[in-house]
Amino acid sequence: SVFPLAAGVFSVRLLFERFIAKPCALHVGIQDSGPYQAQPNAILEKVFISVTKYPDEKRLEGLSKQLDWDVRKIQCWFRHRRNQDKPPTLTKFCESMWRFTFYLCIFCYGVRFLWSSPWFWDTRQCWHSYPYQPLTNGLYYYYIMELAFYWSLMFSQFTDIKRKDFLIMFVHHLATIGLITFSYINNMVRVGTLVMCLHDASDFLLEAAKLANYAKYQRLCDTLFVIFSAIFVVTRLGIYPFWILNTTLFESWEMIGPYPSWWLFNGLLLILQVLHVIWSYLIARIAFKALIRGKVSKDDRSDVESSSEEEDMTSSTKGPCGRSSSNGAGRVNGHMGGSYWLKSKVVGMGTSA
């Protein structure tokens, strides 16, 4: 059963994050501490808990008169208080290092396995003798590990750092697990391995860029993000539709006809393509900002706010703001936001078949 294996993967992850990822994070200078703590204030805390975490200009002015504080100081307090509930950089680093390690290992395995597979070079081989195609040990291990990993992601999504794209990632994981399971049950494993490997090609680069960002290696972060963006767009908007969808939609129809599961299988694949377009748009926005600012800007899914966000909220306030956090956990300052982010995982079906 895949569930005991998924539980095993999750257990390995916990051990990996504690005994490998955490020491690595401390080695590169990430402190084992949370964001900067907001100054205790009963009035502001009551507003934060009971009314709003994002006060408008009118409320800010009212609080300013009540407390005899500058509006800017109150803005800073609310920002620090919001960041106070966010997980520290150390936690995010450990999560990303685990995903980076898995994606890199499974991608290397997939390339090694597919290099000697005939359907890697000729996609029409995916449908020869279908559905009577042998399931080799290498193919089975490839499938079961991918499926177990994504089941573990499904479970851990409710305990990991919450992102703004929680819903879209939940849909993505469901589509991924559905495709892997569906393709396995219907013995569409050949085309499934192509989809998995294709998606894994960019995932580890995304996590590597996040690791560099958390460690404040900005130039490395920017470089990795550019490489990731290029590979993501090429694989998800180029190779995926013209190589994968071409064989599942047209070559399969031509060789074996519209088999009963054809509609559902391709429907799931098309859902992934829609997600690819959405994530590509988000990536393009970040890349565009990078061209303007000269470096990768804050990711739209960032969990921790920068001081510039407060300035955008209320243009009438000016003046310096205090530091936002320790070890970069509470500020971005032009860096990529604390999580990309898109994982898409951007992972897709291979996130997988």
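1. Rings of Phe, Tyr and Trp (its six-membered ring) are taken to pair if their centres lie within 6.5 Å, with planes under 30 degrees apart counted as stacked, over 60 as edge-to-face and the rest as tilted. By this rule the count comes to 30 aromatic pairs. The model is predicted, so local features need pLDDT of at least 70 and side-chain atom pairs count only at pLDDT 80 or more, while totals for chains, interfaces and linings use all residues. Residues are numbered from 1 along each chain as its sequence is written, and side-chain values use heavy atoms, with hydrogens and water left out.

2. Phenylalanine 113 and tyrosine 142 form an edge-to-face pair, at 6.2 Å centre to centre and 65° between the planes. This pair links distant parts of the chain, since phenylalanine 113 lies in helix 5 (residues 89-115) and tyrosine 142 in helix 7 (residues 137-156), 29 residues apart; helices here are DSSP runs (H or I, at least four residues), numbered from the N terminus. Both phenylalanine 113 and tyrosine 142 are buried, that is, under 20% relative accessible area with a 1.4 Å probe, protein chains only.

3. The ring centres of tryptophan 127 and tyrosine 130 are 5.9 Å apart with their planes at 75°, so this pair too is edge-to-face, and both tryptophan 127 and tyrosine 130 are buried.

4. A cluster linked by ring pairs contains Phe16, Trp98, Phe102, Tyr103, Phe149 and Tyr150.

5. Of the 14 residues of helix 4 (residues 71-84), 12 are buried, so helix 4 is largely enclosed by the rest of the structure. The buried residues of helix 4 include Arg72, Arg79, Arg81 and Arg82.

Notes: Helices (H or I, at least four residues) and strands (E, at least two) are DSSP runs, numbered from the N terminus. Buried means under 20% relative accessible area, exposed over 50%, partly exposed in between (1.4 Å probe, protein chains only).
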